[in-house]
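Biologist: Please take a close look at one chain of this model. Then set that chain against its partners.

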Amino acid sequence: MKLLKGRLLHAYTLLLVAWLVLPIAVMIAFGFNDTSSKQNFVWEGFTFEWYARLFEKEDLTRALVNSLLIALLSTVVTTVIGTMVGLALGRFRFRGQGTSNFVLFAAISTPELVMGSSLLAMFVQLNTPRGFVTILLAHVMFSIAFVAVTVRARVVGLDPSLEEAAADLGASGWTTFRLVTLPMIMPGVMAGAMLAFALSVDDFVITNFTSGSTVTFPLWVWSSTRTGTPPQVNVMGTLIFAVGVLVALYNLWSARRRRTT
Amino acid sequence: MRRRLTPYLLILPGGLWLTAFFAVPLIMMLSFSLMEGNLIDGFAFTFHWQNYTEGLSTYGDKFVRSLWYGLLATVACILIAYPAAYWIAFKAGRNKSTYLFLLLLPFFVSFILRTVSWKFVLADDGIFLGTFKDWGLLNEDFHVLGTTFAVVAGLAYNFLPFMVLPIYVALERVDARLLEAARDLYASRVQTFLRVVLPLSLPGVFAGVVMTFIPASADYVNADVLGGSGNVMIGNVIYLEYFNNSNYPTASALSFTLMGALLVGIFLYARLLGTKDVLEAAGR
Amino acid sequence: MNEINPLLRRGLTQRRDFLKLMGLGVVGMAAAACGVEGQGGKQNVTQSEVEKYWAGKAKNGRLNWANWVGYMEDDRATLKGFTAKTGIEVTYKEVINENAEWFGKIDAPLRAGQSIGFDMMVMTNGLQLEQARQLGYLVPLDHSKLPNFAANVDPALKDPSYDPGNTFTVPYTSGITGIAYNTKYVKEPITKWADLLNPKYKGKIGMMGDSQELGNVGLFLIGVDPEKSTPDDWRKAADKLREQRPLVRKYYTQDYIEAVTKGDVWITMAWSGDVFSLAGPEVRFAIPEEGGTLWTDNLCIPSTAENPVDALELMNYLYDPRVNATLTEFINYITPVPSAKGFIVEDAAAAKGEDKELLESLVTSPLVFPTAADMAKLRRYRTLTQEEKEIYQSVFTPVPQGS
């Protein structure tokens, strides 16, 4: 009975994985479809053609470059700012801490639609032209809280005695931070940075409200669904997926190695 | 003295950023929601509360529908996620992280692509339905796309990882000795689950509900891609009012109402579950 | 995820903080409550204003063009030819899906007098174009720089009612809103709008969400000429459309084309050219008996364009019959340049196999070169004053949203 229940749940979990992976598998498969029509939906044979012609659609390529550029910039800015916030909240007790925590909670739980539309309302009222810069501002905004929360969780779990020891040995505040605190919180910072990158690359709703005439990868995909998504989109989706999975697997692997050594 | 200032200095850039691009926009939207006018003549602030009352009376059913879909998707997520999270936390042994990773795979594909891919998979004459129709198992006009089921399933699919993770984390933290103790006290498996495991995992469920219900109710992509003429959600209306009608005041009022409705929903939910206990537990 | 939970606890229990924030909000509101200024109506342009705008403007050798999806050959041959001839580099983006959505995007920057990132764009005659015109968002064109337009464009398409004297716009292409149906599923010939109300096709019928397109169909259905319709007619038409609602699968933008190709819908409102350039081979197009809508997509220059002279030069280039023929061969809409037909015939004679068939069918296609009988069935959108526009919108916008 016990064994059966375990097996049943195991099978269920595998089934769930299958459900989750199904649309991804289809996306990957149709990147290899030898289609000739504008509507890529009937399987017509296997080809690597779309990988070779990946960058043929200039506006799609530009959209991808925009996405990556915005994600990179926003990750850098967010990681610095968010880590500072996370440190402050995890390490210190100060007046206004509750308010700060509340704001982070609010920033994480406010629906994207509300964030996006409020940004649009502001840009309209202030006559701000929307484009690359406004997207970047928005992406940093919605990522800060995630990075801060991730770093804070790491900071809270740290043993303060190490820093105290460093201070006792005469290290200045900055030196202590650089040589002791930063290496210790680094996994949290890296996790936050990756989260920020993923959030930014994938964001559709807020970007849609703040983009003006700048097109990012998700926006391009969205508008291509109106008239037929070319196989290059599947290929790019596949490549992004592959890179993401590899990075995550590497992290998993190195974490496991750290634990065993 | 310096030490006292440090946290404030650390928090300053992030605080300013969130003030400028999170708090201020919300305030601007609030003020916009009380304006009246049109594009040609401009918009003037007149405490035009009618934006709210008219918005609610015209689109009240869309609000109800959105919250309903959000609720359905959330419940579906709990039912789907819990058994898997349970199995991984207690039975998967050394493969825990592998399985967790597998459940998070959709995160590596863009939200839009995932949804579009579902539309593709579920197409009326697509790889599944089309095949079944060729075999004569389904009526020629049977369809999944354009139904409530498709939209709710899409929402559940897209937000499932947000439910799996917190439940898993909560279950993982359940002390195995507690289970042993329960067994020593002759509790049956069902009793152990209901009296020990379930209550201890509730904080995870709570976090999962917040992370699922809010974005699902405010979504417009799933309804647009997978839904039909009878599945318009409030998100679609807000989008339309902003982009197609340039009716900024009404759109702002609807956005604000949506946020208010979701906040009230979450507060009520927390109350219902006995806020203190649940949240205290969640904090640990 | 566990890291969020403490936030939750603090967030929900510290109501004091929330109140503090609310207080801040009220202060902010007072600061923000200043409103957004209007632009006032602007319609008539004098010759001196045109000259004033163009005085001192020079060619910059580059140009950004915003267009609809499927409105240029995949290899952008036309643009490459233009660059080779003039040295002007064109950045071409197909970013427009819907007039209303596009207008929503460009409104704020144009209002503020800021660049929208484009020097030339394509807008359909209708509400949004009218709005853009009235708000002064468009540059009056210098027709002395458009000799090809004067020489080659069909007189019927010159001086249209929506832009007298082609002051702000020149036609890029025209099309018909009619019915597309997939012959794989629909075995009977489709001839009229009333077929879109056939319960037999319940759940397989597509409509457009755009209020002008949808409104026109409603008016055709109740037998009223849209151009001469009254607000009472609009209400009746909207009722008719509501009656149809339960049968409708979805109210689409341009994505009906994918749906009808894949068989998600079998019969749908459609734009003529899309059926040829974007849909699959089983999809047919019909101009309904009750009448179809004729619309024109127009080239225009936004008021904040950085390279207007280059844009004007490209406009002129596109009316060269040889150039236009190549373009028409791809986009399959009604060309404003009738003399392009001769070149398409030539190309057809030179082509082989499938291409030849395609080009030959193009020459005889009533959707690219419509006959007089077809043209007689076509109507334009109702021209609306600001007041009428608000009524019209309030009548038709709720239909696709089910309210």
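Modeller: A residue counts as buried if 20 or more other C-beta atoms lie within 10 Å of its own; with 12 or fewer it is exposed, and in between it is partly exposed. By that rule, buried residues make up 49% of the 261 residues in chain A. Keep in mind that this is a predicted model. For the complex, the predictor gives an ipTM of 0.89 and a pTM of 0.86.

The C-alpha trace of chain A spans about 70 × 65 × 35 Å along its principal axes.

Helix 3 of chain A covers residues 58–91, and helix 8 of chain A covers residues 173–202. The two pack at an angle of about 145°, and their axes are 8 Å apart. The crossing of helix 3 of chain A with helix 8 of chain A is right-handed. Which residues make this contact? Helix 3 of chain A supplies A:Ser67, A:Ile70, A:Ala71, A:Ser74, A:Thr75, A:Thr78, A:Thr79, A:Gly82 and A:Thr83. Helix 8 of chain A answers with A:Val189, A:Gly192, A:Ala193, A:Ala196, A:Phe197, A:Ser200 and A:Val201. By class, the contact has 7 nonpolar and 9 polar residues, and no charged ones.

Now the partner across the interface. Chain A puts 61 residues in contact with 61 residues of chain B. On the chain B side, the elements that give two or more residues are helix 1 (2–32), helix 2 (50–91), helix 3 (96–103), helix 4 (111–121), helix 8 (189–217), helix 10 (234–243) and helix 11 (248–272) of chain B. Helix 1 of chain B gives the most, with 17 residues. The side of chain B that touches chain A has 51 nonpolar, 8 polar and 2 charged residues.

B:Arg195 sits in helix 8 of chain B. B:Arg195 has 13 other C-beta atoms within 10 Å, so it is partly exposed. B:Ala182 lies 13 residues from B:Arg195 in sequence, and their C-alpha atoms are 9.1 Å apart. B:Val169 belongs to helix 6 of chain B, residues 148–172. Is B:Val169 buried or exposed? It is buried, because 21 other C-beta atoms lie within 10 Å. The C-alpha atoms of B:Val169 and B:Ala89 are separated by 8.1 Å, although the two residues are 80 apart along the chain.

Of the contacts in chain C with a separation of 6 or more, 78% come from residues 24 or more positions apart.

The average pLDDT is 86, and 89% of the residues score at least 70. Over residues 1–15 of chain C, though, the pLDDT is below 50. That stretch still has 43 contacts in the model beyond near neighbours in sequence.

Domain 1 takes 53–173 + 295–361, and domain 2 takes 175–293 + 377–401. Their centres, taken over C-alpha atoms, are 26 Å apart. The contact takes 17 residues from domain 1 of chain C and 17 residues from domain 2 of chain C. On the domain 1 side of chain C, these divide into 9 nonpolar, 7 polar and 1 charged.

Last, helix 8 of chain C. Among the buried residues are C:Glu213, C:Asn216 and C:Phe220. After helix 8 of chain C comes C:Gly223, with a positive phi near 75°.

Definitions and conventions
Residues numbered from 1 in each chain as written. Chains lettered and ligands numbered in written order. Predicted model: local features only at pLDDT ≥ 70, side-chain atom pairs only at ≥ 80, totals over all residues. Helix = DSSP H or I, 4+ residues; strand = E, 2+ residues; numbered from the N terminus. Domains from an automatic or database assignment. Contact = placed C-beta atoms within 7 Å. Nonpolar A, V, L, I, M, F, W, Y, C, P; charged D, E, K, R; others polar. pLDDT = per-residue confidence, 0-100. Axes fitted to C-alpha atoms, helices over the stretch in contact; angles between N-to-C directions. Left-handed = near helix turned anticlockwise from the far one by under 90°.
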